[in-house]
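Try each exercise yourself before you peek at the solution.

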Amino acid sequence: MGNSSVFVSGATGFIAQHVIKQLIEKGYKVVGSVRTEAKGQNIQKNFGSENFKYEIVEDLETVGAFDKALKNHPEVTIFMHTASPVTWSVQDNEKDIILPAINGTVNALKAINATSPQIEKVIITSSIVTQFSFSNRSALTNENSWNDITYDQAKETGSAAYHGSKTFAEKAAVEFVEKEKPSFSVSTVHPVFVFGPQVFDSEAKGQLNVTNTFISDLLNLKKGQSDETPVPKIMGSFVDVRDVAKAHLIEIEKPTNGLRVIAQCEDFNSQKLLNIINDNFPALNLVKGDPSSTSISDRNVDDSKSREYLGLQYISLEASVVDTVQQYVTVNKLL
Ligand code: NAP
């Protein structure tokens, strides 16, 4: 499959760029969709490979948004849908988070069905949030579980909107397959919180993608200046972006047989991240917090089937945080 062509929606994204990098390294040709010409030129310059081309899809939500891009590339046989809003703070939760996720997914599937009979596989970047229970934090999460969030609940906060956006988008994909019975297969990847370095240093300047800010925000906790600043109380499960990209590539070559593949390595909380940064970058002179406060009572997740399917030796939290901070500190000249 190494010389097949893969369409990657949302090619400017943190995860998508790692997916594209690994695809090119394995000999695939890639067509990425971006929202503007300037973004396309920038990413093409960064990859500097004749195996990367871009197409402009200005608005995921326009009916037929992907039609032209796909018609231009009859060589594409695999479609990866990664584009979706990843944010918790917007003006309008429904308009800015929920609807683009659902409509973007449906538009992509409709376009493939209508224009590209040669496409065999669609791989959607979903999320562990589609498998969490919204009503009961201690419920078991596994490859079969589904988020029970309602549409009204999803509109209430930015975080709920993100849960809803991914859940309703994935359900829309399941319904599409049931109703349209397309000739392509649809599978999903379900990462937990994703950390890790950006593919290109230029992307590590200033504000990072949302999940990496859990790490970069800690770099503001300077001793002396902010001794009173509490260490944030974020906790969850983490996976490195390079492993998330690998999971996408594995789904190209190995049928999932309906497994909604979870990509997760280990649990973290902000104190654990801070300890890793302090151990490895003492010159940053950050507050210590309470180094022993690393016990984490996160959700009850059984991802054993996914671990068996993926067979990955996951990059550890420590290695991921060190690589992320090293790049951020160097690029932003913090030391
Ligand atoms: P990211 O860096 O913010 O990338 C998001 C991508 O989607 C960008 O290419 C962005 O385009 C595009 N996009 C967002 N809203 C859009 C809209 N309304 N119309 C068109 N394009 C839009 O996020 P990421 O972390 O790489 O996430 C990529 C995928 O992984 C998403 O589907 C996300 O839900 C999923 N995921 C992420 C995590 C995580 O922890 N990061 C965990 C689980 C699942 P622009 O660059 O033009 O804005």
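This is a predicted model: local features need pLDDT of at least 70, side-chain atom pairs count only at pLDDT 80 or more; totals for chains, interfaces and linings use all residues.

**Exercise 1.** Find the order of the seven strands in the open sheet, and name the edge strands.

*Solution.* Start at one side and walk across: the order reads β3-β2-β1-β4-β5-β7-β10, and the pairing is parallel. Next, look for strands that pair on one side only: these are β3 (52-56) and β10 (261-263), so they are the edges. As you walk, the sheet twists by an average of 25° from one strand to the next.

**Exercise 2.** Zoom in on β2 and β3: how many bridges join them, and what is the bridge partner of S33?

*Solution.* Strand β2 covers residues 29-34, and five bridges link it to β3 in the parallel sense. Now pick out S33: its bridge partner in β3 is E55. While you're at the sheet, spot helix α4 (residues 93-115), which packs on it and touches β4 (76-81), β5 (121-125) and β7 (185-191). The direction of α4 makes about 170° with that of β4.

**Exercise 3.** Work out which residues come nearest to the ligand, and how much of the ligand the protein buries.

*Solution.* Sorted by type, the shell has twelve nonpolar, nine polar and three charged residues. Then check some distances to ligand oxygen atoms:

- K39, side-chain N or O atom: 2.6 Å
- K166, polar side-chain atom: 2.8 Å
- V194, backbone N or O atom: 2.8 Å

Finally, the area: alone, the ligand exposes 890 Å², and the protein buries 86% of that. Elements giving two or more residues to the shell are α1 (14-25), α6 (158-180) and β8 (193-195).

Terms used:
Residues are numbered from 1 along each chain as its sequence is written. Side-chain values use heavy atoms; hydrogens and water are left out. Two strands pair if DSSP finds at least two bridges between them. Helices (H or I, at least four residues) and strands (E, at least two) are DSSP runs, numbered from the N terminus. Axes are lines fitted to C-alpha atoms, for helices over the stretch in contact, and angles run from 0 to 180 degrees between N-to-C directions. Contact means heavy atoms within 4.5 Å. A residue is near a molecule or strand if one of its heavy atoms lies within 4 Å of it. A polar contact is a pair of N or O atoms within 3.5 Å; within protein, one must be able to donate a hydrogen and the other to accept it, and residues adjacent in sequence count only if both atoms are side-chain atoms. Accessible areas come from the Shrake-Rupley method with a 1.4 Å probe; for residues, only the protein chains shown count as cover. Ala, Val, Leu, Ile, Met, Phe, Trp, Tyr, Cys and Pro count as nonpolar, Asp, Glu, Lys and Arg as charged, and the others, Gly among them, as polar.
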